[in-house]
Amino acid sequence: MKLTSDKKELEKYLKDQGWLKSAESIEAVEIPGEGNMNFTLRINTGSRSFIIKQSREFVKKYPQVAAPEERVLREAEFYKLIESEVKLNGMTPAILGLDKENHVLAMEDLGVGADYSFLYQIAKEIAEDELQVIMEFAAKLHTGVTVANTHTPLRNREMRKLNHEHIFQYPYMEDNGLNLDDILPGLQEEAEKYKRDEILKKELKVLGDLYLEDGNSLLHGDYFPGSWLKTKDGVKIIDPEFGHFGQPEFEIGVTIAHLKMADQPEQLVKKALQTYLEIAPLDENLRKKFTAVEILRRILGLAQLPLEIGLEKRKALLGESREAILSS
Ligand SMILES: Nc1ncnc2c1ncn2[C@@H]1O[C@H](COP(=O)(O)OP(=O)(O)OP(=O)(O)O)[C@@H](O)[C@H]1O
Ligand SMILES: [Mg+2]
């Protein structure tokens, strides 16, 4: 069944699941924040609140894009895998319940805080200690939850396939239906160069295949400002629906790409890498290539960000990224 925002319907559903007590009722239903992929609600009873998230067979913001209907079950598996890691578990929402039949996850409400997407705004900087916590979470995740100490590794192949398509293929397709000039005039012409770049595409194929390979470390899978929440209890991490055992270089590559697109000071980016490297190893050459891959796809692909950097800066980032991918 598809959930709606109708209070009466929701009340019945939540009571059937045992997530609302029989004496409880819903006072308010809210949309907790900017989500693109799933149907997510904050349920408020007046004395407590929690979040429910339903995954559906398409992307909520782009109904023409199909997506694995069961993906919230993978998200729940991720949370299960980190359950015994106190530090990691403490930085993610407690899980209140999972309805496997209807693909609904109920979880702790981490509060009305904002995610870190504000970093893309001109002159906004992340506090060094917050970035440190974010990098430590990733390092502990990658070193603490490995194939060697896991009973059934999370593969999440369907979500990886979807991501692979949007990272490695869609941005370079001749007629992908996206007019980048609607986003920023001049961007479409720039994109054409990359779409015709067969040398680049050959290297992208190698990196894409590596992304699809199973790795030894548990990755969050979508480790960018939209998955980091700034709450009164510090930084929290949400939305591991792309989680899988893979290459840490992919995860950190993505994170660094976003710090660059958010135009964060170079010193801060260096510090972030240092923090990570103090805890976990990384093939920096490969990490740089994945950073490049993410910059290219975010500037040229469907999953656009609220970037405020102008055309010249975007062109420069694209050019640097191409170089990084082609360097040996
Ligand atoms: N446990 C929570 N506590 C408080 N707010 C939450 C919680 N989970 C989600 N939110 C809010 O709802 C928004 C959407 O949640 P989430 O990112 O999990 O959904 P999504 O559909 O997967 O989004 P995306 O399209 O970015 O992948 C978040 O940005 C956040 O503002
Ligand atoms: Mg998501």
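How many salt bridges are counted between domain 1 and domain 2? The count is two; a salt bridge is a side-chain nitrogen of Lys or Arg within 4 Å of a carboxyl oxygen of Asp or Glu.

This is a predicted model: local features need pLDDT of at least 70, side-chain atom pairs count only at pLDDT 80 or more, and totals for chains, interfaces and linings use all residues. Residues are numbered from 1 along each chain as its sequence is written, chains are lettered from A and ligands numbered from 1 in the order written, and side-chain values use heavy atoms, without hydrogens and water.

**View 1. The two domains.** An automatic or database assignment sets the bounds: domain 1 is 7-108 and domain 2 is 114-326. Their C-alpha centres lie 25 Å apart. Contact (heavy atoms within 4.5 Å) links 23 residues of domain 1 with 28 of domain 2.

**View 2. The buried area.** About 2,100 Å² is buried between the domains, 73% of it from carbon and sulfur atoms. Buried area is the accessible area (1.4 Å probe) that two parts lose on being put together, summed over both. In domain 1, F78, L81 and M91 lose the most area to domain 2, together 32% of what that side buries.

**View 3. A salt bridge.** K53 pairs with D239 in a salt bridge. The closest N and O atoms are 2.6 Å apart.

View 4. Strands (DSSP runs of E, at least two residues, numbered from the N terminus) pair if DSSP finds at least two bridges between them. β8 (residues 228-231) and β9 (residues 234-237) pair in the antiparallel sense over four bridges. A hairpin joins β8 to β9 through two residues. W228 stands opposite I237 in β9.
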